[in-house]
Amino acid sequence: MKIHGIDVDPQGRCAHWHSERDVVANTCGACHKLWACSLCHDELADHRFVGVDKQLRSVMCGACGYMMTHAEYGAACPSCGHPFNPGCKLHENVYFRDVR
């Protein structure tokens with residue numbers, strides 16, 4: 001699946017986030033595309049990033065392509081074990097929303 005963004009490498013690192021652990025792509029709830037980060041999205045898209053229901057598989061591991069829910073998304077990919085940037089949790093309110 002294609003990861004959209006600015007200067008995105010094959011695993012999803014972008015101009016904004018490019019450490020070894022920055023390999024997570026998130027789905028925008030408005031355009032349903034995978035983005036390296038919300039900053040890339042907001043610079044390139046014609047709308048603001050919209051968070052996705054936590055119950056949906058909206059997060060992709062850039063290392064192996066595994067799609068996961070908010071509950072599965074943790075310190076490392078549940079499929080391949082690649083570690084994720086722990087600082088990403090600070091932005092979960094941008095990428096996810098509760099739908100009840």
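Analyst: A residue is called buried when its relative accessible area is under 20%, and exposed when that area is over 50%. By this cut-off F49 is buried, and Y95 is buried as well. Please keep in mind that this is a predicted model.

User: How many aromatic pairs does the structure hold?

Analyst: There are 2 aromatic pairs. In one of them, the ring centres of F49 and Y95 are 5.1 Å apart and the planes stand at 80°, so this pair is edge-to-face. The pair links distant parts of the chain, 46 residues apart: F49 sits in the loop between α1 (38-44) and β4 (52-53), while Y95 belongs to helix α2 (residues 92-95).

User: And how are the rings of Y73 and F84 arranged?

Analyst: Their centres lie 5.4 Å apart with the planes at 45°, so the pair is tilted. An angle over 60 degrees would be needed for edge-to-face, and one under 30 for stacked.

User: Are Y73 and F84 buried or exposed?

Analyst: Y73 counts as buried because its relative accessibility is 7%. F84, at 1%, is buried too.

User: Changing topic, which residues lie nearest the centre of the largest pocket?

Analyst: They are W17, C37, C88, H91 and Y95, out of 21 residues that line the pocket. The space inside is about 310 Å³.

User: Which element gives the most to that lining?

Analyst: Helix α2 does, with 3 residues. The lining as a whole divides into 12 nonpolar, 6 polar and 3 charged residues.

User: What about salt bridges, how many are there?

Analyst: The structure holds 6. One of them joins E72 and R57, with 2.8 Å from N to O.

User: Which residues are joined into one network by shared partners?

Analyst: D9, R13 and E20 are. R13 is buried, because its relative accessible area is 10%, whereas E20 is exposed, at 55%.

User: Finally, where does UniProt place the CHY-type domain?

Analyst: The unreviewed UniProt entry puts it at residues 7-82. In the model, that span is 9% helix and 17% strand, and its end C-alpha atoms lie 21 Å apart.

Methods:
Residues numbered from 1 in each chain as written. Predicted model: local features only at pLDDT ≥ 70, side-chain atom pairs only at ≥ 80, totals over all residues. Heavy atoms only, no water. UniProt positions renumbered as here; feature names shortened; annotations may be inferred. Helix = DSSP H or I, 4+ residues; strand = E, 2+ residues; numbered from the N terminus. Phe/Tyr/Trp six-rings, centres within 6.5 Å; stacked < 30°, edge-to-face > 60°. Buried < 20%, exposed > 50% of the residue type's maximum accessible area, 1.4 Å probe, protein only. 1 Å grid on protein atoms, 1.4 Å probe; cavity = no way out; pocket = protein on both sides within 12 Å on 5 of 7 lines; lining within 4 Å. Points joined across faces, edges and corners; volume = space filled by probe spheres on them. Nonpolar A, V, L, I, M, F, W, Y, C, P; charged D, E, K, R; others polar. Salt bridge = Lys/Arg side-chain N within 4 Å of Asp/Glu carboxyl O.
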